[in-house]
Amino acid sequence: MHSVSLNGTWDLTYGMQRNEETIPPHDWPTIPAQVPGNVELDLMNAKVLPDLAMGNNIYLLRQYEGFEWWYYRRFQRPVLQEGQRVDLVFDGLDCVADVWLNDVHLGHAENML
């Protein structure tokens, strides 16, 4: 079996939560993100937030509680031989998530546990 890792640098777009399952608006901010990783570290690395371990900075996260987080990455599709298939495997999706691939909604997760 051939494996393609999607770990590494992704784009992370974020904004206030909406009631839509479509791509986010073009005017939302986008920052580099690491996968695996987490939003808080990505916001700190992009200098959107200061070090959250300092003082009361952790409370700055409250403003992001109602946000949507969209991770993007382009990758080469594996070349398949006849009869082969592709499995997209996630080792963890944080809580509620929707998965899209090439503008096709693949599924919804309600709890990573």
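## Burial and overall form

A residue is called buried when its relative accessible area is under 20%, exposed when it is over 50%, and partly exposed in between, with a 1.4 Å probe and protein chains only. By this rule, 22% of the 113 residues of the protein count as buried. The model is predicted, so local features need pLDDT of at least 70 and side-chain atom pairs count only at pLDDT 80 or more, whereas totals for chains, interfaces and linings use all residues. Residues are numbered from 1 along each chain as its sequence is written, and side-chain values use heavy atoms, with hydrogens and water left out.

The protein contains 1 helix and 5 strands; these are DSSP runs numbered from the N terminus, with helices (H or I) of at least four residues and strands (E) of at least two. Their order from the N terminus is β-β-α-β-β-β. The C-alpha trace spans about 55 × 30 × 30 Å along its principal axes.

## The nonpolar core

A nonpolar core is a set of buried Ala, Val, Leu, Ile, Met, Phe, Trp, Tyr and Cys residues joined through side-chain atoms within 4.5 Å. The largest such core has 11 residues: L12, Y14, I31, A33, V39, L43, L49, L52, L61, Y64 and F67. Two or more residues of this core come from each of β1 (8-16), β2 (30-35) and α1 (39-45). In soluble globular proteins, nonpolar side chains tend to be buried together.

Contact means heavy atoms within 4.5 Å. Apart from neighbours within four places in sequence, L61 is in contact with E40, L49 and L52.

## A buried arginine

R18 belongs to the loop between β1 and β2. R18 counts as buried because its relative accessible area is 18%. When residues up to four places away in sequence are not counted, R18 touches I23, P24, P25, W28, E68 and W70.

## Backbone features in the loops

P36 lies in the loop between β2 and α1, and the peptide bond that joins V35 to P36 is cis, with omega near 0°.

K47 is not a glycine, yet it has a positive phi of about 65°. This residue is placed in the loop between α1 and β3 (67-72), and K47 is exposed, with a relative accessible area of 72%. D103, also not a glycine, has a positive phi of about 65°. D103 is found in the loop between β4 (97-101) and β5 (104-109), and its relative accessible area of 69% makes it exposed.
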